[in-house]
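Please look over the model below before reading my notes. Keep the sequence at hand as you go.

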Amino acid sequence: MTVTVVVGNPKPASRTLTAARLVARALRPDVEPTVLDLVELGPALLGWGDPNVAEAVRTVADSELVVFASPTFKATYTGLLKLFLEQFDGGTGLASVVAVPVMLGAGPAHALAPDLLLKPVLVEIGATTPAPGLYLSDKTFADDGVIDAYALRWGPVVRALTSSTETVNHV
């Protein structure tokens, strides 16, 4: 089982990173996630063929579960995350990947952003997104119980799909 966290916050070691790790661990507590903090790739995301970006793309494409996380910027996910997602082939780039879109914001005005903006892009590049996107308060996510409630409701679905992917990949 491979779990990866992809963080599109332009600030390194952000609250978005912390939240995404918590979500990954809540959904699959049995697996330590690999973390890709996209800010570390920086300008390499602007072109094609960078070996570090290619390795990050391979890591994500080879994962069974990926938590894609971004702060809400201008009512959508960040350009940093968009640049990374552009590296994947349409329709097949995330085939066999179960993806969970997560976004953080200051208030409830953008609560639908993970489902309306991020989830369709993940589906377009081939991901399976069986659960609704998760919107978190950037101030209270660590203590408000939203991540635990989400994992209680959707964790069994994610585990069932990633377990079946694990079985298919190893037959």
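The points below cover the sheet, the helices and the salt bridges.

1. **Ground rules.** This is a predicted model: local features need pLDDT of at least 70, side-chain atom pairs count only at pLDDT 80 or more, and totals for chains, interfaces and linings use all residues. Residues are numbered from 1 along each chain as its sequence is written, and side-chain values use heavy atoms, with hydrogens and water left out.

2. **The sheet.** Start with the strands. Helices (H or I, at least four residues) and strands (E, at least two) are DSSP runs, numbered from the N terminus. Two strands pair if DSSP finds at least two bridges between them. Here 5 strands form an open sheet with parallel pairing, in the order 2-1-3-4-5. Strand 2 (34–37) and strand 5 (134–137) are at the edges. Each has a single partner strand, so one side of each lacks a neighbour in the sheet. From one strand to the next, the twist averages 20°. Angles run from 0 to 180 degrees between N-to-C directions, and axes are lines fitted to C-alpha atoms, for helices over the stretch in contact.

3. **Pairings.** Now go strand by strand. Strand 1 (residues 3–7) pairs with strand 2 over 4 bridges, in the parallel sense. V7 has D37 of strand 2 as its bridge partner. Strand 3 and strand 4 run parallel and are joined by 7 bridges. There, A69 has V102 of strand 4 as its bridge partner. Strand 4 and strand 5 also run parallel, with 4 bridges. G105 stands opposite S137 in strand 5.

4. Contact means heavy atoms within 4.5 Å. Helix 1 (residues 15–27) lies across strand 1, strand 2, strand 3 (65–71), strand 4 (98–105) and strand 5. Helix 1 runs at about 150° to strand 3. Helix 2 packs on the sheet too, touching strand 1, strand 2 and strand 3. The direction of helix 2 makes about 140° with that of strand 2.

5. **Crossovers.** A crossover is right-handed if, with the strands pointing away from the viewer, the path from the first strand over the helix to the second runs clockwise. Strand 3, helix 3 (residues 79–85) and strand 4 make a right-handed β-α-β unit. Strand 4, helix 4 and strand 5 make a right-handed one as well.

6. **Salt bridges.** A salt bridge is a side-chain nitrogen of Lys or Arg within 4 Å of a carboxyl oxygen of Asp or Glu. The structure holds 7 of them. One joins E55 and R58, at 2.9 Å from N to O. These two sit 3 residues apart in helix 2 (residues 51–61), about one helical turn. Another joins K119 and D115, with the closest N and O atoms 3.9 Å apart. Both lie in helix 4 (residues 113–124), 4 residues apart. K119 is buried at 17%, whereas D115 is partly exposed at 28%.

7. **A network.** K139 and D138 meet in a salt bridge of 3.7 Å, N to O. Salt bridges with shared partners join R15, D138 and K139 into one network. K139 is exposed at 61%, but D138 is buried at 15%.

Key
Buried < 20%, exposed > 50% of the residue type's maximum accessible area, 1.4 Å probe, protein only.
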